[in-house]
Amino acid sequence: MFFSVLSLLPSPMRVTFLSGEAGVYAFGAVVAHHYGDKELCHYYVSQFKEIKLSIDLPDELLYGRAGSLWACLFLNKHIAPNTVSSNRMRVVVNEIMSSGRQLGNVSCPLMYEWHSKRYWGAAHGLAGIMNVLMDSELKPDEAVDVKGTLRYMIKNHFASGNYPSREGNEADELVHWCHGHQVFKAEEFAQAAIEAGDVVWNRGLLKRVGICHGISGNAYVFLSLYRLTGKPEYLYRAKAFACFLHSRCETLVSEGVIHRGDRPYSLFEGIGGMALLFLDKTEPSKARFPSYEL
């Protein structure tokens with residue numbers, strides 16, 4: 001059934017880890033590898049390598065080149081280096097860099113559009129694309145442009161410490177993964193990450209439960225900051241958000257205060273993400289925002 005649904009989607013929707021066959025094959029390959037099934041692992045990797053990227057593909061994480069590149073990085077980390085060749089990945093990096101430079105300028109070297117809007121968030125914008133590029137092998141001039149883009153974002157955050165959801169949007173509203181807060185994982189940008197985390201602590205108890213735009217996703221900010229800084233205060237903050245969900249989620253959902261999600265049992269919108277957060281709290285040093293942090 002899942003494959004039949006995927007076959008109905010237009011090709012640009014099927015190439016990423018989060019939203020397409022690439023994710024099915026990459027995840028299947030890693031599971032088979034961990035179970036020691038070499039034949040099945042080889043099958044999934046072979047199927048993954050058959051996926052072709054169209055020339056009109058966007059660059060963002062959810063449906064575009066960055067999402068395809070992340071799937072390659074996932075395979076190379078969890079199976080073996082060069083499971084997906086560096087040459088294949090270099091082609092995608094080249095396309096992402098070329099596209100970003102066309103819309104970029106001196107102040108912001110890289111910029112991207114999704115449906116004619118220049119988003120900053122993780123799902124469709126700068127944060128998600130920069131996150132993937134920072135995990136990729138970059139040429140020196142490419143690394144300079146990525147860092148320059150991050151500096152542009154930091155320089156242009158709101159006075160509150162929050163970040164715009166897109167270029168030209170002055171509404172200081174969104175504090176969640178897909179369109180809102182940014183976390184800068186490079187050591188050079190540690191202070192910006194800490195300040196963004198403070199915004200999430202003060203404003204991140206949202207009216208949804210999931211990881212995409214809900215409380216569970218915001219808790220992962222603190223787990224990321226714990227790995228970055230080693231400070232136990234971030235474990236406390238992650239625990240506080242998780243305990244709030246554990247003790248009050250069911251009641252608040254039944255009262256209509258919190259929205260369970262359009263897909264209430266799913267990983268990104270529903271209680272599947274909340275369950276994963278609870279599991280990751282048992283080993284916080286190993287916790288990763290799913291399908292985003294390697």
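I began with cysteine 212, which lies in the loop between helix H8 (190–203) and helix H9 (215–229). Helices here are DSSP runs of H or I with at least four residues, numbered from the N terminus. I noted that the model is predicted, that local features need pLDDT of at least 70 and side-chain atom pairs pLDDT 80 or more, while totals for chains, interfaces and linings use all residues. Residues are numbered from 1 along each chain as its sequence is written, and side-chain values use heavy atoms, with hydrogens and water left out.

**Entry 1: the annotated site**

I looked up the UniProt record, an unreviewed entry, which places the feature "binding site" at Cys178, Cys212 and His213. Such annotations may be inferred rather than shown by experiment; the positions follow the numbering used here, and feature names are shortened. I recorded cysteine 212 as buried because its relative accessible area is 12%; buried means under 20%, exposed over 50% and partly exposed in between, with a 1.4 Å probe and protein chains only. Histidine 213 is also found in the loop between H8 and H9. With a relative accessible area of 23%, histidine 213 is partly exposed.

**Entry 2: H8 against H9**

Two packed helices are described by the angle between their axes and the distance between the axes. I read an angle of about 150° for H8 and H9, with the axes 10 Å apart. H8 is therefore roughly antiparallel to H9. Axes are lines fitted to C-alpha atoms over the stretch in contact, and angles run from 0 to 180 degrees between N-to-C directions. Angles under 35 degrees count as roughly parallel, over 145 as roughly antiparallel, 65 to 115 as roughly perpendicular and the rest as oblique.

I then listed the residues that meet: Ala190, Ala193, Ile194, Gly197, Val200 and Trp201 in H8, and Asn218, Val221, Phe222, Leu225, Leu228 and Thr229 in H9. Contact means heavy atoms within 4.5 Å. The residues of this contact divide into nine nonpolar, three polar and no charged. Ala, Val, Leu, Ile, Met, Phe, Trp, Tyr, Cys and Pro count as nonpolar, Asp, Glu, Lys and Arg as charged, and the others, Gly among them, as polar.

**Entry 3: H4 against H5**

I found that helix H4 (residues 65–78) and helix H5 (residues 86–103) pack at about 150°, with their axes 10 Å apart. H4 is therefore roughly antiparallel to H5. Arg65, Ala66, Leu69, Cys72, Leu73 and Asn76 of H4 make the contact with Met89, Val92, Val93, Glu95 and Ile96 of H5. I counted these residues by class as eight nonpolar, one polar and two charged.

Serine 266 lies in the loop between helix H10 (232–254) and helix H11 (271–280). I noted that serine 266 is partly exposed, at 21%. The C-alpha atoms of serine 266 and glycine 210 are separated by 8.2 Å, although the two are 56 residues apart along the chain.

Glycine 121 is in the loop between H5 and helix H6 (126–134), and I recorded this residue as buried, at 0%. Glycine 121 and arginine 166 are 45 residues apart in sequence and 7.4 Å apart, C-alpha to C-alpha.

**Entry 4: positive phi**

Most residues other than glycine have a negative phi. I noted histidine 115, not a glycine, with a positive phi of about 50°. Histidine 115 is in the loop between H5 and H6 and is exposed, at 63%. Serine 291 has a positive phi near 65°. I placed serine 291 in the segment after H11, where serine 291 is buried, at 13%.

How values were computed. Helices (H or I, at least four residues) and strands (E, at least two) are DSSP runs, numbered from the N terminus.
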